[in-house]
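Come along and check each entry against the picture.

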Amino acid sequence: MFKDKLALSRLNADFPGSDCSDISHTQLPEYQDGVNMKDLLALKDKIMNDSVLVEEEPVRNGIKNIELRDLKKLGYEKVPNGDIGDQLLLQRQGSQNSSMSSDSGSSGEPKVDMELMQMKKRVGLLSGVALIVGTMIGSGIFISPKGVLQSSGSVGLSLIVWCLCGVLALLGALSYAELGTMITKSGAEYAYLQEAFSPLHRVLGPIPSFLFAWTSVLILKPALFGVTSMSFAVYVVEPFWGQCGSTDMIVKIVAVLCLFLITFINAYSVSLATKVQNFFTVMKLLAIAIIIGGGAYMLSQGYTEHLNTGFEETTDSVSMVALAFYDGLWAYDGWNNLNYVTEEIRQPYKNLPRAIMIGIPLVTVCYILINISYFTVLSKQDILISTAVASTWGEFVLGAAAIIIPISVIMSAFGGANGTCFTGGRVMYVAAREGHLPEVFSYIHVKQYTPLPSLVVSVILAAAMVLFGEIFALIDFFSFTAWFFYGLTMLSLIVLRCTQKERKRPYKVPLAVPILVFLCSVYLVVAPIIQDPRIEFLYAFLFSVSGLVFYIPFVVYKKRLPGMDKVTYFLQVVLMVAPSKFVPAE
């Protein structure tokens with residue numbers, strides 16, 4: 001008797017569209033290629049009732065274990081699998097079908113080949129660059145890029161800070177390139193923390209990756225998604241209701257509509273989402289080119305008065321210079337976004353480092369030249385008091401054509417929100433696949449191959465924050481946690497260099513690079529707390545570690561809430577999703 005135990009939700013079956021009540025262990029119908037989704041789900045109860053249970057302990061997805069011999073009668077065999085633990089995939093003997101069929105059988109419903117249920121590689125080099133550039137360059141550079149100038153005190157030092165921040169972001173991203181080409185899983189920080197620390201201790205090792213997923217899924221990603229949609233909504237609403245009193249509720253409604261539109265695009269098709277990202281990134285770069293070209297023209301006309309002030313009034317406070325770096329690095333945030341979708345990148349060993357080496361220097365050059373362009377016609381005081389620097393610059397340089405600027409902000413915000421949605425849902429998807437969140441969040445649509453459940457949860461959280469929460473306060477007080485996890489990720493690279501010395505590394509950075517970024521991350525966690533200590537930082541920290549309350553029972557002891565199998569069943573039927581698996585890059 002086989003002793004192997006199998007999770008029923010991992011079934012890779014091909015059944016005809018007949019009534020499941022006719023299926024027994026002694027008399028089985030002929031097989032067809034594909035599987036009817038409803039028949040597969042309905043078969044669950046029949047198998048559980050007729051099979052001999054090995055034990056009563058539930059597996060991770062809440063479905064009881066059954067003996068392998070019962071499934072071999074149904075035409076299955078155990079196949080090797082690279083997943084963590086003793087999770088096994090089932091494959092029907094002799095199944096060679098390499099695509100999902102929707103025309104076999106008479107029901108007309110999608111046919112699922114579970115062996116193929118994995119994220120498709122639809123992100124090429126151009127889409128990778130667009131994802132990095134489109135999420136790094138948000139609406140902030142058009143609206144209010146004054147944080148660096150205010151803290152540095154002078155034009156000269158502010159430009160140096162912008163340049164050095166770009167260098168630091170590039171070093172961090174290159175460290176992520178080593179991790180991403182070595183560990184070709186999506187999820188960025190989550191996957192790398194899990195890989196580095198989980199083997200060190202069965203209980204304590206997975207805690208960093210779990211807390212990252214906890215904080216990112218519940219706060220950071222939805223809040224960033226919501227804030228970007230709010231920027232989009234403000235510029236859409238202002239031309240129509242700008243003079244009609246309070247527009248807060250209208251802005252929120254438009255922001256929520258933006259959230260759901262972007263989520264629909266990302267749920268419908270990865271290809272469509274990348275095309276949208278590519279288009280809006282190109283539009284954003286065209287707007288930046290207009291600003292840079294206008295600045296170059298003004299320089300040619302002799303407008304150098306404000307640039308000639310150089311280092312006048314430069315601050316002599318080390319803490320203020322550090323704060324300038326803090327503001328600048330947040331403008332570069334998004335340099336790690338491509339690592340969230342590593343499993344979907346074509347030839348990640350080549351395209352991941354290449355996209356980083358193209359995208360981040362491009363953003364750095366854009367930031368420096370945009371600021372120079374602003375300084376051609378605006379003084380330091382003009383920039384500090386302006387609520388929309390690019391619009392002020394446009395009125396002076398472009399005249400009647402200044403309408404280009406708010407349109408550019410709208411496109412920039414929409415593209416940034418699309419990129420945030422595209423990457424944010426992957427954290428939940430990967431964490432659920434590893435057992436740190438309900439497994440149904442790791443399921444993907446059987447036809448579109450998109451992580452539909454995780455996208456739905458993400459947009460619900462983002463919409464709730466927009467409508468009912470203090471979303472900007474959340475960003476302010478949880479921002480230091482992002483650099484905390486960046487630092488931990490750099491530490492994970494150092495740990496992997498020691499614990500997995502012989503592992504293949506298609507791309508490798510000097511060890512000094514992650515050490516430098518780690519030290520900068522430590523400082524950036526401590527700096528805002530020392531500079532402006534507030535009780536809200538303590539609340540943010542307590543929320544982050546409160547995830548341990550759920551980690552111990554649900555991850556360590558693998559407890560489950562009553563009725564989770566029914567919830568999983570319901571969501572599979574309604575959303576037409578199925579379990580997926582990780583396939584290492586070739």
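**Entry 1: salt bridges.** I first wrote down the rule: a salt bridge is a side-chain nitrogen of Lys or Arg within 4 Å of a carboxyl oxygen of Asp or Glu. With that rule I looked up Glu344, which forms a salt bridge with Arg426, the closest N and O atoms being 2.9 Å apart. Glu344 sits in the loop between α11 and α12 and Arg426 in helix α15, 82 residues apart, and the pair links distant parts of the chain. I noted that helices here are DSSP runs (H or I, at least four residues), numbered from the N terminus.

Before going on, I noted what I am looking at. This is a predicted model, where local features need pLDDT of at least 70 and side-chain atom pairs count only at pLDDT 80 or more, while totals for chains, interfaces and linings use all residues. Residues are numbered from 1 along each chain as its sequence is written, and side-chain values use heavy atoms, with hydrogens and water left out.

**Entry 2: buried or exposed?** I checked Glu344 and Arg426, and both are buried (under 20% relative accessible area, with exposed over 50% and partly exposed in between, for a 1.4 Å probe and protein chains only).

**Entry 3: Glu343.** I found that Glu343 forms a salt bridge with Arg433, with 2.6 Å between the closest N and O atoms. Glu343 lies in the loop between α11 (318-331) and α12, and Arg433 in helix α15 (residues 404-433), so this pair ties together parts 90 residues apart in sequence. Glu343 counts as buried because its relative accessibility is 6%. Arg433 is buried too, because its value is 7%.

Entry 4: How many salt bridges does the structure hold? I read off 7. One of them joins the side chains of Arg497 and Glu178, at 2.8 Å from N to O. Arg497 is in helix α17 (residues 471-499) and Glu178 in helix α6 (residues 155-182), 319 residues apart. Both Arg497 and Glu178 are buried. I also saw Arg505 linked with Glu178 and Arg497 in a network of salt bridges.

**Entry 5: two helices.** I then turned to helix α3 (residues 125-136) and helix α12 (residues 348-377), whose axes come within 8 Å and cross at roughly 35°. Axes are lines fitted to C-alpha atoms, for helices over the stretch in contact, and angles run from 0 to 180 degrees between N-to-C directions. Among the residues making the contact (heavy atoms within 4.5 Å) I marked Ile132 of α3 and Leu362 of α12.
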